Amino acid sequence: MDFDARGGNSRVFHRLGNQSGNESKQQKVCSFWRAGKCNRSPCQFLHRELSTPPQTTVNGGGPSKRGLSNDAWSSGPPSVRISPNFNKGSRWGRPGNNRIVRKTEKLCNYWVQGNCSYGDTCRFLHSWSLGDGFSLLTQLEGHQKLVSGIALPSGSNMLYTGSQDETVRVWDCQSGQCAGVFNLGGEVGCLIAEGPWVFVGVPNFVKALNTQTKTEMSLNGPVGQVYAMVAGNDLLFAGTQDGAILVWKFNASTNNFDPALSLKGHTMAVVSLVVGANRLFSGSMDHSIRVWSLDTLQCIQTLSEHTSVVMSVLCWEQFLLSCSLDQTIKVWAATESGTLEVTYTHNEEHGLLTLCGMHDLEGKPLLLCSCNDNSVRLYDLPSFSERGKIFAKQEIRAIHAGPNGLFFTGDGTGQVRVWNCISESTATST
């Protein structure tokens, strides 16, 4: 322990307010000390509360030359003045009940962990969403790892979710309870529904589940993980880790899927697929989007405007939307010659993961876009004006639009949340 001529520990002496130096700093209490987190030694600010008597002693010596008047309790701005009857047990700087707390757009990490003591007066969000046009209905707990796919088969009252915990869970839409678990023996890379079928992409094969007959089959052929699937024109497409897109054709007479061919062109994994306007669009880790004719299954154009992984592609009326880890959403439209060109680029501050389009209860188009800052942005189209945000503990990789304004999100912790759009009249009255 270091002692000096002042007759006390030098570290303690400096923390309590060295007489030399800037006088204004001597009377400022360390905010980190109040929070119990100051690790400075020595610290230039006080590690004790200011007292009200006109004279104080320092280090056991005589009276301090600095007297404290009652003005020291009201040195802050008028809206946060503290009276001499200030409760010493309260947190420093906590605003009074008459102060309007303006929330930031940042989620409170202490609230997420369940231990924020500021309650409603915290300036950070204590909610999983920000905005008035939607609300959280329920949370589905059960998956232990990232949710990679969500599907609600048409005419079914069961929701299917796939996860990297190697399982597919089936949820009863009426009770919200898990009605069954399928163990796949490999991480689920994607999951889609088409008619009565649910298709699950896992390493080296696709599992096909018929929700009506309860039959199962395995479609072989993929090399590595299956990251994306889509159905169209009686064909099933699967984007794989080796850059190929495998194609199966449904055989109605055998109620089976026959291998058709493999589409080659991408040099890295295919991670997103969508069908629209008699075209197949594929996004890849090679930063490109390839456009394939559904009639000939030939590549008719390669789009190379993105500078990083094309994480998601979406068809919206006559437009193609794509998002990438390059922090942009690009809107593509066909020229007179039929080729696609970028007509608009929307920039974000973070990498983009998933796109999902839907209509709200008033028929207005709504774009949901997840970012790698653990949030989802909701945009009105075509203006791209932000309607709100959804937050999660980890990245949201799966978004699925359901009927009547319902939509679903799945995050990296394995949690699935059910949301619904609400009308403007309902939002303003609540």
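**View 1. Strands β3, β4, β5 and β6 form an open sheet of 4 strands in the order β3-β4-β5-β6.** The pairing in this sheet of the predicted model is antiparallel; two strands count as paired if DSSP finds at least two bridges between them. Strands (E, at least two residues) and helices (H or I, at least four) are DSSP runs, numbered from the N terminus. The edges are held by β3 (147-151) and β6 (178-183), each with a single partner strand, so one side of each is left without a neighbour in the sheet. From one strand to the next, the twist averages 20°, where axes are lines fitted to C-alpha atoms, for helices over the stretch in contact, and angles run from 0 to 180 degrees between N-to-C directions.

The model is predicted: local features need pLDDT of at least 70 and side-chain atom pairs count only at pLDDT 80 or more, whereas totals for chains, interfaces and linings use all residues. Residues are numbered from 1 along each chain as its sequence is written, and side-chain values use heavy atoms, with hydrogens and water left out.

**View 2. Strands β4 and β5 run antiparallel.** Gly162 has Val168 in β5 as its bridge partner.

**View 3. A further open sheet of 4 strands has the order β11-β12-β13-β14.** Its pairing is antiparallel. Since β11 (226-232) and β14 (256-263) stand at the edges, each with a single partner strand, one side of each is left without a neighbour in the sheet. Here the twist averages 25° from one strand to the next.

**View 4. Strand β11 pairs with strand β12 in the antiparallel sense.** The pairing with β12 (residues 235-240) extends over 6 bridges. Met229 stands opposite Ala238 in β12.

**Setting of the views. The protein has 5 helices and 29 strands.** Of its 430 residues, 44% count as buried, that is, under 20% relative accessible area (1.4 Å probe, protein chains only). Among contacts (heavy atoms within 4.5 Å) between residues at least 6 apart in sequence, 38% join residues at least 24 apart.

Note on methods
Buried means under 20% relative accessible area, exposed over 50%, partly exposed in between (1.4 Å probe, protein chains only).
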